[in-house]
Amino acid sequence: MSARPHQPAIEIRGLHKSFGRIEVLKGIDLDVGHGEVVCVIGPSGSGKSTLLRCVNLLEEPTAGRIRVGGVEVTDPDVDIDTVRRGIGMVFQAFNLFPHLTVLDNLTVAQRRVLRRDRTGAERIAREHLARVGLLEKEAAYPAQLSGGQQQRVAIARSLSMAPQLMLFDEPTSSLDPELVGDVLAVMRGLAEDGMTMMVVTHEMTFARDVADRVVFMDGGGIVEQGPPAEVLSRPRHERTRSFLSRVLDPSHVAGPAAEAGQLIG
Amino acid sequence: MKLRRRQRERLILLLQYAVFAAVVAAVLSAADWGRLREAFFRTDIIASMFPRVIVVALRNTVVYTVAAFAFGLILGTVLALMRLSRVAPYRWVATAYIELFRGLPALLVLFLVGYGIPIAFPDREIPGGVIGQVAIGLGLTAAAYMAETIRAGIQAVPKGQMEAARTLGMSYLTAMRTIIIPQAFRIVIPPLTNELILLTKDSSLAYLLGVTAQTIEITKMGRDTLNDMVNATPLLVAGLTYLLITLPLSQVVRRLELRYAKAR
Ligand SMILES: Nc1ncnc2c1ncn2[C@@H]1O[C@H](COP(=O)(O)OP(=O)(O)O)[C@@H](O)[C@H]1O
Ligand SMILES: [Mg+2]
């Protein structure tokens with residue numbers, strides 16, 4: 001995948017996705033630029049995961065086109081394994097390989113897919129383990145790690161494949177609150193290093209501080225998008241306002257939307 | 001007399017033990033020990049069976065079992081993957097195979113392999129002689145059972161594992177081989193052990209193929225010696241020899257399970 005600067009890193013046009021009769025994505029158009037960090041927010045069931053999973057073809061779009069780094073992933077003739085190599089993905093449930101040590105989790109795909117030799121793969125793995133602060137855990141099995149540590153290993157595993165962009169699907173949603181910070185810190189570091197990132201998250205502070213753009217989805221479509229200061233502090237749409245008020249002040253189910261903006265801003 | 005529940009339970013348990021012990025004692029004392037020993041425990045016959053019962057019969061039983069298990073495991077894994085395939089004809093073929101071979105007695109299949117294949121292909125021979133014939137003859141049936149076990153094991157691996165593997169650029173088959181199947185096998189170790197123990201005993205069917213002094217296994221040796229000596233002692237020896245295989249096997253598996261528990 002050659003990344004020409006005038007082409008966006010991700011280009012989504014007219015994306016529809018149905019499961020059976022239920023249409024989950026109802027026409028999504030979205031560009032993500034190189035080095036851009038886009039946070040996708042929205043209520044549960046609005047199609048955020050499905051959107052992300054269409055980008056690396058874990059779900060097959062019903063209609064529409066998606067280009068990643070100029071390569072059309074929705075082309076039926078494309079080699080999907082080659083495309084996926086360039087797209088890292090981090091899951092809510094970590095999905096580390098439980099039968100492999102941390103080090104092997106990071107080297108297995110490097111060796112099987114990229115055909116790197118063991119020494120080279122382990123060197124790269126250790127670089128990324130060091131980056132997420134878990135070098136001393138290389139011999140551990142995933143079950144011996146905390147959730148936060150597992151998620152950082154999962155990020156390091158993706159990075160070991162040298163992806164051009166990273167997709168995060170609620171990476172901190174299944175973590176105990178005190179473990180969220182370490183994972184977000186790693187993601188923040190990645191963003192600062194210029195990684196192209198699409199992040200589905202409910203961490204509004206992260207979105208405000210790190211995102212270049214926030215996309216609010218509801219009911220299978222993009223309702224509004226823009227710089228975090230605008231979308232989070234001065235949302236134009238009522239649906240955005242009511243969502244933000246629910247996220248920011250969960251105990252007040254129908255709190256005044258305007259307050260939500262002030263809280264964030 | 002009013003008993004508390006704890007006491008009552010203990011009393012009932014004691015009573016059960018007492019009855020059980022009484023029955024065992026009655027049976028043991030009624031048995032004719034002298035004749036039993038004469039029929040089942042003639043030390044001279046036991047001595048005469050060694051060392052052949054170990055170095056030949058036990059060895060052959062193990063070889064037959066391992067060969068049939070290996071063949072069944074490979075075929076069973078392929079069938080399991082076919083059952084899970086997105087290609088419908090693969091699923092149909094695998095399902096038909098599994099239904100067919102689970103319905104046939106192992107003895108019949110072994111017989112068909114041992115005598116049918118040489119008739120169907122007169123110029124060809126199953127490689128490995130009796131070992132090859134037993135491997136295929138028993139493995140074909142074992143594969144049908146193992147396929148269902150392995151399929152269940154594969155399905156028990158969380159979906160996210162395949163997704164994570166594919167996301168890292170692995171092909172479906174690479175992901176299956178390096179990520180899914182290794183985890184599935186940890187899950188199915190107990191039922192596969194059962195299959196291995198069943199095969200150990202089914203290997204006694206090898207006599208159907210006409211085994212020689214070199215290819216004899218435990219049961220056949222027990223029966224031959226029984227006929228020669230007109231005495232049942234060889235059966236006792238044969239039974240104990242099987243336990244030499246199956247008891248350590250259970251131990252090994254328990255260890256394996258403990259070791260894998262860490263990596264789960
Ligand atoms: N594999 C699937 N089969 C059927 N329905 C699905 C599937 N995946 C998601 N959905 C449905 O699609 C809708 C959007 O799901 P999702 O993209 O996971 O939303 P979000 O991530 O925003 O919570 C939900 O109603 C969900 O039930
Ligand atoms: Mg989701």
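This is a predicted model: local features need pLDDT of at least 70, side-chain atom pairs count only at pLDDT 80 or more; totals for chains, interfaces and linings use all residues.
Q: Why are β2 (22–32) and β5 (71–72) of chain A called edge strands?
A: Four strands of chain A form an open, antiparallel sheet in the order β2-β1-β4-β5. β2(A) and β5(A) each have a single partner strand, so one side of each lacks a neighbour in the sheet. Helix α1 (residues 48–55) of chain A packs on this sheet and touches β1, β2 and β4 of chain A, where contact means heavy atoms within 4.5 Å. The direction of α1(A) makes about 120 degrees with that of β1(A); axes are lines fitted to C-alpha atoms, for helices over the stretch in contact, and angles run from 0 to 180 degrees between N-to-C directions.

Q: Why is B:Leu140 called buried?
A: Buried means under 20% relative accessible area, exposed means over 50%, and partly exposed lies in between (1.4 Å probe, protein chains only). B:Leu140 has 17% relative accessibility and therefore counts as buried. This residue is found in helix α7 (residues 129–156) of chain B. Leaving aside neighbours within four places in sequence, its contacts include B:Phe71, B:Tyr97 and B:Val113. The C-alpha atoms of B:Leu140 and B:Tyr97 are 9.5 Å apart, although 43 residues separate them along the chain.

Q: Why is strand β9 (residues 213–218) of chain A described as largely enclosed?
A: Six of the six residues of β9(A) are buried, so the rest of the structure largely encloses this strand. A:Arg213, A:Val215 and A:Met217 point one way, and A:Val214, A:Phe216 and A:Asp218 the other.

Q: What makes β9(A) a partner of strand β10 (residues 221–226) of chain A?
A: Five antiparallel bridges join β9(A) to β10(A). Among the bridge partners are A:Asp218 with A:Gly221 and A:Phe216 with A:Glu224. The two strands form a hairpin with two residues between them, and A:Gly219 in the turn has a positive phi of about 60 degrees.

Q: Why is the pairing in the six-stranded sheet of chain A called mixed?
A: The open sheet has the order β6-β7-β8-β3-β9-β10. Its edge strands are β6 and β10 of chain A, each pairing on one side only. The twist averages 15 degrees from one strand to the next. The sheet contains the antiparallel pair β9(A) and β10(A), and also the parallel pair of strand β3 (residues 37–41) and β9(A), joined by four bridges.

Q: What makes a group of residues a nonpolar core here, and which residues have the most contacts inside the largest one?
A: A nonpolar core is a set of buried Ala, Val, Leu, Ile, Met, Phe, Trp, Tyr and Cys residues joined through side-chain atoms within 4.5 Å. The largest has 87 residues, and A:Ile12, A:Leu51 and A:Met198 have the most contacts inside it. Helix α9 (residues 172–202) of chain B supplies its largest share, 11 residues. Apart from this core lies another of 45 residues, including A:Phe94 and A:Val183.

Q: How do you know that the radius of gyration of chain A agrees with a compact globule?
A: The radius is taken over C-alpha atoms, and the globule rule is 2.2 Å times the number of residues to the power 0.38. For 265 residues a compact globule would have a radius near 18 Å; chain A has 19 Å, which agrees. The C-alpha trace of chain A spans about 55 × 45 × 35 Å along its principal axes, and buried residues make up 56% of the chain.

Conventions: Residues are numbered from 1 along each chain as its sequence is written. Chains are lettered from A and ligands numbered from 1 in the order in which they are written. Side-chain values use heavy atoms; hydrogens and water are left out. Two strands pair if DSSP finds at least two bridges between them.
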